[in-house]
Amino acid sequence: MNTSNKKIEASKVLVPINTSELTSGAVSVIGAPLVTKLEHRQSTSLGPNAIRRAIEEVFALFSSSSNKTIEDLETGTKRVLNPEFRMNDLGDLPSSLDKKSIVELFALLSEKNVVPVILGGAREIGSWCSEAISELDQDCAIVHITPSISASDSLAGTATFFIGVNGLIPAKAWRQTKNHNHTCVSADQIHEMGTIGTSELLLAFLKEQKRVFWHIDVSAVDTGHAAGTPTINIGGLDPEQILDILDQVSVHTRFAGCALTNVAPVFDKRGLSEYFAAEALSRVIAPVLWDRVEP
């Protein structure tokens with residue numbers, strides 16, 4: 001597995017992104033340090049580098065295997081690393097980015113056949129990525145793991161699945177979700193039906209899709225389990241629930257990219273929020289990370 005050797009402690013602003021560093025077929029990490037609008041819960045601008053550090057540690061476990069094979073001691077399942085897997089880090093976009101810049105970025109990455117992993121940054125990044133995907137490729141479905149739904153998440157013509165919705169949803173966004181026949185499984189429903197029932201619903205959805213872009217809003221995790229987000233989520237999901245669902249479905253899709261949002265590291269001194277983001281990424285990236293899975 002080839003990863004960039006850039007130091008993750010310091011952001012490198014690339015505006016515009018240097019096209020000479022774009023490698024066709026590679027998974028490219030790009031920071032999007034957008035600041036949340038919630039003045040009392042700041043620090044999402046620090047999210048990209050916090051997630052970078054976690055990704056380096058999580059993925060180092062995979063690359064450290066001498067035979068490039070990872071074995072689950074509980075199940076006996078073996079995963080063999082894809083020898084062609086490449087991940088590089090293109091640095092950060094400016095903190096003043098907006099929806100237009102995300103749409104332009106995705107158009108450039110699509111032209112160069114680059115698979116994006118966007119590190120956020122405020123929740124809006126996930127919505128902007130959804131709109132960019134919808135404009136560029138309506139054959140690409142979107143899965144949002146998030147406690148909230150915004151009007152720009154529910155887009156006509158784009159197959160969409162929401163997991164972990166919790167609390168009040170704006171009426172316009174809810175009507176759009178229903179009118180566009182998008183699927184929504186709330187945190188309460190997941191607590192009730194369990195991860196197996198949820199993964200069965202999600203798997204049925206994923207098997208109908210050609211490509212999938214994942215948006216993982218870390219605030220979908222209950223604040224008691226991961227406090228490093230700009231919002232408080234009481235009654236949300238625990239990390240094990242989300243990772244268990246992803247473990248059961250992620251290898252069944254063609255990975256088209258991912259956005260990890262709402263990491264505000266100053267509120268989580270244990271670093272659990274960014275490590276959850278990195279672990280979740282390792283699941284959804286499975287179709288390109290692993291060469292094969294042996295039961």
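Ring pairs tie Phe59, Phe62 and Trp290 together into a cluster, where rings of Phe, Tyr and Trp (its six-membered ring) pair if their centres lie within 6.5 Å, with planes under 30 degrees apart counted as stacked, over 60 as edge-to-face and the rest as tilted. The model is a predicted one, so local features need pLDDT of at least 70 and side-chain atom pairs count only at pLDDT 80 or more, while totals for chains, interfaces and linings use all residues. Residues are numbered from 1 along each chain as its sequence is written, and side-chain values use heavy atoms, leaving out hydrogens and water.

By the ring rule, the count comes to 4 aromatic pairs. In one of them, Phe62 and Trp290 have ring centres 5.2 Å apart and planes at 65°, so this pair is edge-to-face. The pair links distant parts of the chain, 228 residues apart: Phe62 sits in helix H1 and Trp290 in strand E11 (residues 290–294). Helices (H or I, at least four residues) and strands (E, at least two) are DSSP runs, numbered from the N terminus. Both partners are tucked away, Phe62 being buried at a relative accessible area of 11% and Trp290 at 9%; buried means under 20% relative accessible area, exposed over 50% and partly exposed in between (1.4 Å probe, protein chains only).

Helix H1 covers residues 47–63 and includes Gly47. Gly47 is buried, with a relative accessible area of 0%. Setting aside residues up to four places away in sequence, Gly47 touches Gly120, Gly121, Val263 and Pro265, contact meaning heavy atoms within 4.5 Å. The C-alpha atoms of Gly47 and Ala264 are separated by 5.6 Å, though the two are 217 residues apart along the chain.

Over in strand E4 (residues 87–92) is Asp89, also buried, at 13%. The side chains of Asp89 and Arg52 are joined by a polar contact of 2.6 Å, that is, a pair of N or O atoms within 3.5 Å; within protein, one must be able to donate a hydrogen and the other to accept it, and residues adjacent in sequence count only if both atoms are side-chain atoms. A polar atom of the Asp89 side chain also lies 2.8 Å from the backbone nitrogen of Gly91.

Then there is helix H5 (residues 187–206), which has a kink of about 110° centred on Gly194, the bend being the angle between axes fitted to the seven residues ending there and the seven starting there. Buried residues of H5 include Ala187, Ile190 and Thr195.
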